[in-house]
Amino acid sequence: MKKSNVYYASGMTIIAVVVCVFFYQQLWESTLTKEKTIKVGIVFYRQDDEFIASMQQAMEEEISEIIKEHPQAKLDFQLFDSKNSQSYQNDIVESLIKNQYDVLCINLVDRTAASVTIDRAKAANIPVIFFNREPVEADLTRWDHVYYVGSDPERAGIMQGNLILSFNQKHTKILDKNQDGKIQYCLIEGEALHQDAILRTKFALQTISDKLELENVSREIADWSYTTSFHKIKQLIKSQPTIELIISNNDAMALGARDALLESNIAERELPYIVGIDGLVRSLKLSSETVLFDTIINDSQTQAIKILSLACDEIFSKKKNTEDSRYFMIPYKTTEKNSEFL
Ligand code: GAL
Ligand code: CA
């Protein structure tokens, strides 16, 4: 055969293969979905958590896109609230498995409780995508069709620490109000055993204390909640008037602290520097309005897109997954005013 004919023949073969694969996929997708409705269950640890609420909103937007992109498919996405109870979540998951859901996306209440869910899902051949609350590694490797989508808490702590150091460089007089060379700080932590809380705290403090002398005036556990933080800080300020810095494991608690101080008649310009994590809408607005408030963005939108794209891969392409494609840590971002240094 002449060389040009060989090229022509192999070109045609490639085109034929691509066309076949495309039509096979279309056919597979339409037969798959004409036969039955594909059901995806999304189970939140609690829907009244402000960051989780932002994630839910991002998921709902992405679900509408997915439905538009797969007009052939009968897709049914259902959202559930575990109301912060692991046993209630187990009941929800059990009923989803009984009702032959095709994929489960689960935000565990208790991160050590994943094995029951994984074993039941595996027995029924239903893939599971955990998100936001990371199961222990031994559980995640129990089956190929188990994933985790979240963000790296160590990185958030380091970024938060760097933000505080940079603020100190730019505004030493504002931060060290009493000019004693030490920063009197209050720590507001999320749930006691949550690894995001533990690691964010550890790495934020480690990053700062290498370069700046810190003096702890109080450590409050506020379970990620605006209201709990509000009440605790309102109480604290009665006995502890010198707070120069508030390091909070998340934004809801940071905002609760700020509002408690304002309600305790501390003038805006006298507020301590307060830093949260998450990038809630109100925090982003405050961050652009005042130097005294900032946050690290926990990218709920990219996390939502990743969770749902893994669900779609499981539904539509039945990809075989390797060990290293189980964890998807979505990078944090800084607010616009800090983009130059992190
Ligand atoms: C964290 C988030 C917190 C809270 C927590 C719940 O990643 O920053 O605000 O939502 O997850 O697990
Ligand atoms: Ca001081």
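Predicted model: local features only at pLDDT ≥ 70, side-chain atom pairs only at ≥ 80, totals over all residues.
Trainee: Is glutamine 184 buried or exposed?

Mentor: Glutamine 184 has a relative accessible area of 5%, so it counts as buried. Aspartate 180 is at 35%, which means it is partly exposed.

Trainee: Okay, switching to ligand 1. Which residues are around it?

Mentor: Among them are Tyr45, Phe51, His194, Trp224, Asn250 and Asp278. By class, the shell has three nonpolar, four polar and five charged residues.

Trainee: How far is the side chain of asparagine 132 from an oxygen atom of ligand 1?

Mentor: A polar atom of that asparagine 132 side chain lies 2.7 Å from a ligand 1 oxygen. Aspartate 196 has a side-chain N or O atom 2.8 Å from an oxygen of ligand 1, and for arginine 133 the corresponding distance is 2.9 Å.

Trainee: How much of ligand 1 does the protein bury?

Mentor: The protein buries 99% of the 310 Å² that ligand 1 exposes when taken alone.

Trainee: Nice! What kind of space does ligand 1 take?

Mentor: Ligand 1 takes up the largest cavity.

Conventions
Residues numbered from 1 in each chain as written. Chains lettered and ligands numbered in written order. Heavy atoms only, no water. Near = heavy atom within 4 Å. Polar contact = N/O pair within 3.5 Å; in protein donor to acceptor, adjacent residues only side chain to side chain. Areas by Shrake-Rupley, 256 points an atom, 1.4 Å probe, with all protein chains shown as cover. 1 Å grid on protein atoms, 1.4 Å probe; cavity = no way out; pocket = protein on both sides within 12 Å on 5 of 7 lines; lining within 4 Å. Sits in = over half its atoms within 2 Å of the grid points. Nonpolar A, V, L, I, M, F, W, Y, C, P; charged D, E, K, R; others polar. Buried < 20%, exposed > 50% of the residue type's maximum accessible area, 1.4 Å probe, protein only.
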